[in-house]
Amino acid sequence: MTSPLLVLDTPALYYRSFHGLPDTIRSPHGRPVNAVRGLLDTIAQLVQQWGSTRVVAVMDADWRPDFRTAILPEYKAHRIVDEVRGTETPPELEEQLPVLFDAVSALGIPIAEVPGTEADDVIASIVAQCVDEEIIVVSSDRDLLALLEPGRRVRIHRPRTGGRWETTSPADLPELYGVADGTAYRALAALRGDPSDGIPGAPRIGEKTAAKLVAGYGGLEEIIAAAQAGAKEHGLSDLRRQSIVEHADAVRAGSRVMEGLLDLEVAEFVAAAGSAPDAQRAAALGAEWGLDRAIARALEALRDPGSPQATRVQELPPTVQVPTEHAPTGQAPTGQPRTAPPPDGWTRALCAFDLETTGVDPRTGRIVSAALVPFTDGTEGPARTWLVDPGIEIPIESQRVHGITTERARAEGTPAAIAVPQILEAVTRLREDGSVLVGHNIVYDLTVLAAEGIRAGMLGSPQDLLAQLPPVVDTLVIDRQIDRYRRGPRTLTAVAEHYGVALDDAHDALADARAAGLIALGQAAAAPAIADATPHDLHASQVEWKAAQAASLQEYLRRRRPSATVNGDWPLEPLD
C-alpha cells in the first residue's frame with residue numbers, strides 16, 4: 001500500500017516555530033535559526049508519526065495575491081509589517097528563509113509554490129487532483145477544513161498546545177463543527193469571519209449560530225435569502241437577520257476569498273515526493289548553521305520512517321489519583337480519566353513564569369532574564385520577555401547554564417533598576433487580571449523576585465510580594481503530589497518529558513516558562529482533582545503539600561546527616 005502524502009503548509013509551520021522557539025537558538029555566526037530548527041524537527045516527527053517519506057513542502061509564492069485583494073481589499077492587510085515591500089515577514093524570520101529552503105531541498109523534499117498564489121491554493125489543487133491518494137494536510141489554518149469532503153481520503157493534521165496534534169477527517173466535521181462537509185464549513189467560516197485574515201463575517205454571528213444556520217438553510221445564498229425574507233428559524237433573531245442582510249456582500253466576499261484554486265499545475269511536486277535526500281549537502285548545512293542534531297534527526301527519520309503506531313507523540317500519562325488526605329480542599333479524589341481540563345477551571349487563564357539568574361541562592365541571585373507566557377483556554381498567547389543587566393558580574397558557572405554572558409547582558413540588557421519594577425508589575429498585575437501564576441519550582445523564582453524588589457526599595461519584605469500575588473501553581477509540588485512514587489529526577493526537563501512537552505532549550509527563560517505552562521495543563525488533564533480545584537483552594541493545598549514533602553525529604557536526609565534541614569515554606573522562602 002502506498003504511504004500517505006504529507007502536504008505541509010510550510011509557512012504556517014515555520015511561523016509557529018519562529019514564535020514558539022526562543023531567538024537564542026542561533027548559528028555559530030550569531031544568526032537566528034529557531035524557525036529552521038523547529039521546522040526540521042516537525043518534519044522528522046511527522047515522517048515518523050505517519051510512516052511516510054512522501055513529503056511536499058508547500059510555500060507562499062504570494063502571501064496576499066492580487067486576485068484576493070481585488071475581492072476583499074482588507075484581506076490580511078493588518079498583517080503588513082513593511083509597507084514599502086508589502087510583507088508580513090519579520091526581518092529576523094526573513095533572513096532564515098534561504099537557510100530553510102536549502103535545508104528542505106537537501107532533505108529531498110520538493111518545494112511547491114506557484115507564482116501569484118498562496119500555499120492554500122497549491123494545497124487545494126493537490127487535494128483536488130490527487131483523488132486516489134491518502135493525503136495528510138499539515139497546517140494550523142482552520143480554513144483548510146473546507147477541503148474535507150465525503151469520499152476524499154484527506155485529513156487535516158493541526159498542531160495544538162503541549163506538543164499534541166489534532167487530526168480531523170471528513171467524518172469528524174458534524175461532531176466537531178455541526179456541519180456536514182467542507183463546503184458547509186466554508187459557509188460557516190464566512191459567516192463567523194476570521195479577524196486573523198481580515199475576513200469580516202457578519203457581526204453577532206458566532207461559530208455555533210453559523211453552524212445552526214448552515215445546517216438549517218443550506219448554503220450562504222439560502223441563509224441570506226432567509227434573512228431577507230424575515231425568517232425566524234434556526235437561530236435567526238431580529239438582530240442576526242439585520243446583521244446578515246447588512247453584511248451580505250462582505251460575507252459573500254469572505255467565502256470567495258477562502259476558496260482555494262483547484263487547477264494549478266502540481267503533478268511534478270507530487271511526483272517528486274519521496275526523493276532521496278542529499279545527505280552530504282544536508283550535513284554540511286547542519287554544520288554551517290549549527291543545526292547538526294536537527295538535520296541528523298530528519299535524515300534518520302527519512303531513512304527509517306517506522307510505524308505510525310510505534311512513533312506517535314507521547315500521550316499524557318494515565319490519570320493519577322490524589323490521595324484523600326492530600327486532595328485539594330473540598331475535592332474528592334477520583335480515578336476517572338479526563339482528556340482535557342474543565343472549561344471553567346483555573347486553566348482558563350494562567351501565565352507561566354521563569355527566571356534565569358546569576359546563582360542558585362535565591363537570596364543573593366540577580367535576575368538575568370525573565371519570561372511570562374500567558375495561556376487562555378489552553379492556547380498560548382504572546383510572551384513577554386526581559387534580558388536584564390544585573391549590575392554585577394555573571395559567574396562563569398551561571399553563564400554555562402543559561403548562556404548569557406556579562407558582556408551580552410551589559411550590551412543588550414535592560415538595567416535592573418528598570419527591568420525589576422517592570423517584572424514585578426507584570427507578575428502582580430495578574431491578580432487583578434484573574435490569572436493564575438504557574439512555574440516549576442516557582443518558590444525559587446518568586447523568592448529571587450522578592451529579594452530583587454526589596455533590594456530596589458519597592459518591597460519592604462517578602463510578605464509584601466505575597467500579598468500582591470495571584471493564586472500560584474507549582475508544577476513541581478503538584479508532580480510530587482500526584483505521582484509521588486515515580487522514580488527518577490523531578491527537574492523541569494524530566495517532568496516535561498514525562499508529560500510529552502517539548503523542551504529543547506532548557507534554562508532559557510522563555511522555553512522554561514512555556515514548558516511549565518504546558519505541564520500545568522497536562523497535570524490538570526491527568527488529575528481531575530487538580531483540575532476541579534478552585535485557584536485559591538489549589539494554592540492553599542500546595543502550601544500543605546510542600547510542607548509535607550519537605551518534612552518527608554528532611555526525615556530521609558537525616559538518616560545519614562542528622563543536622564539536615566529542608567525548608568517547607570511556599571510559595572516564598574524567608575530571606576533572613
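Helix axes are lines fitted to C-alpha atoms over the stretch in contact, and angles between N-to-C directions run from 0 to 180 degrees. By this definition, helix α9 (residues 207-217) and helix α10 (residues 220-228) pack at an angle of about 95°, with their axes 9 Å apart. The structure is a predicted model, in which local features need pLDDT of at least 70 and side-chain atom pairs count only at pLDDT 80 or more, while totals for chains, interfaces and linings use all residues. Residues are numbered from 1 along each chain as its sequence is written, and side-chain values use heavy atoms, with hydrogens and water left out. Helices (H or I, at least four residues) and strands (E, at least two) are DSSP runs, numbered from the N terminus.

**The pair α9 and α10**

- Helices α9 and α10 are therefore roughly perpendicular to each other (a term for angles of 65 to 115 degrees).
- Leu213, Val214 and Tyr217 of α9 meet Glu222, Ile223 and Ala226 of α10 in this contact (heavy atoms within 4.5 Å).
- By class, the contact of α9 with α10 has 5 nonpolar residues, no polar ones and 1 charged residue; Ala, Val, Leu, Ile, Met, Phe, Trp, Tyr, Cys and Pro count as nonpolar, Asp, Glu, Lys and Arg as charged, and the others, Gly among them, as polar.

**The six-stranded sheet**

- An open sheet of mixed pairing is formed by 6 strands in the order β3-β2-β1-β4-β5-β6 (two strands pair if DSSP finds at least two bridges between them).
- Strands β3 (111-112) and β6 (165-168) each have a single partner strand and stand at the edges, so one side of each lacks a neighbour in the sheet.
- Strands β4 (residues 135-138) and β5 (residues 154-159) pair in the parallel sense over 4 bridges, and Ile135 has Val154 of β5 as its bridge partner.
- Helix α2 (residues 34-50) lies across β1 (5-9), β2 (55-58), β4, β5 and β6, and runs at about 155° to β1.

**Two buried loop residues**

- Ser52 sits in the loop between α2 and β2 and is buried, with a relative accessible area of 1% (buried means under 20%, exposed over 50% and partly exposed in between, with a 1.4 Å probe and protein chains only).
- The side chain of Ser52 reaches the backbone nitrogen of Arg54 at 3.1 Å.
- Beyond its neighbours within four places in sequence, Ser52 is in contact with Ser3, Pro4, Leu6, Val47 and Pro305.
- Ile109 belongs to the loop between α5 (97-106) and β3, and is buried at a relative accessible area of 4%.
- Beyond its neighbours within four places in sequence, Ile109 is in contact with Ile43, Val55, Val56, Ala57 and Val104.
- The C-alpha atoms of Ile109 and Ala276 are separated by 8.3 Å, although these residues are 167 residues apart along the chain.

**Strand β12 and its partners**

- Strand β7 (residues 349-357) runs parallel to β12 and is joined to it by 3 bridges, with Leu350 having Val436 as its bridge partner in β12.
- Strands β12 and β13 also pair in the parallel sense, over 3 bridges, and Val438 has Val473 of β13 as its bridge partner.
- In a regular strand the side chains alternate between the two faces of the sheet.
- Val436 and Val438 point one way from β12, Leu437 and Gly439 point the other way, and all are buried.

**Helix α21**

- In helix α21 (residues 475-482), 7 of the 8 residues are buried, so the helix is largely enclosed by the rest of the structure.
- What covers the buried residues of α21 includes β12 (436-439), β13 (472-474), α22 (492-498) and α23 (509-526).
- Asp474 caps the N-terminal end of α21, with a side-chain oxygen 3.0 Å from the backbone nitrogen of Leu476.

Definitions and conventions: Polar contact = N/O pair within 3.5 Å; in protein donor to acceptor, adjacent residues only side chain to side chain. Parallel < 35°, antiparallel > 145°, perpendicular 65-115°, else oblique.
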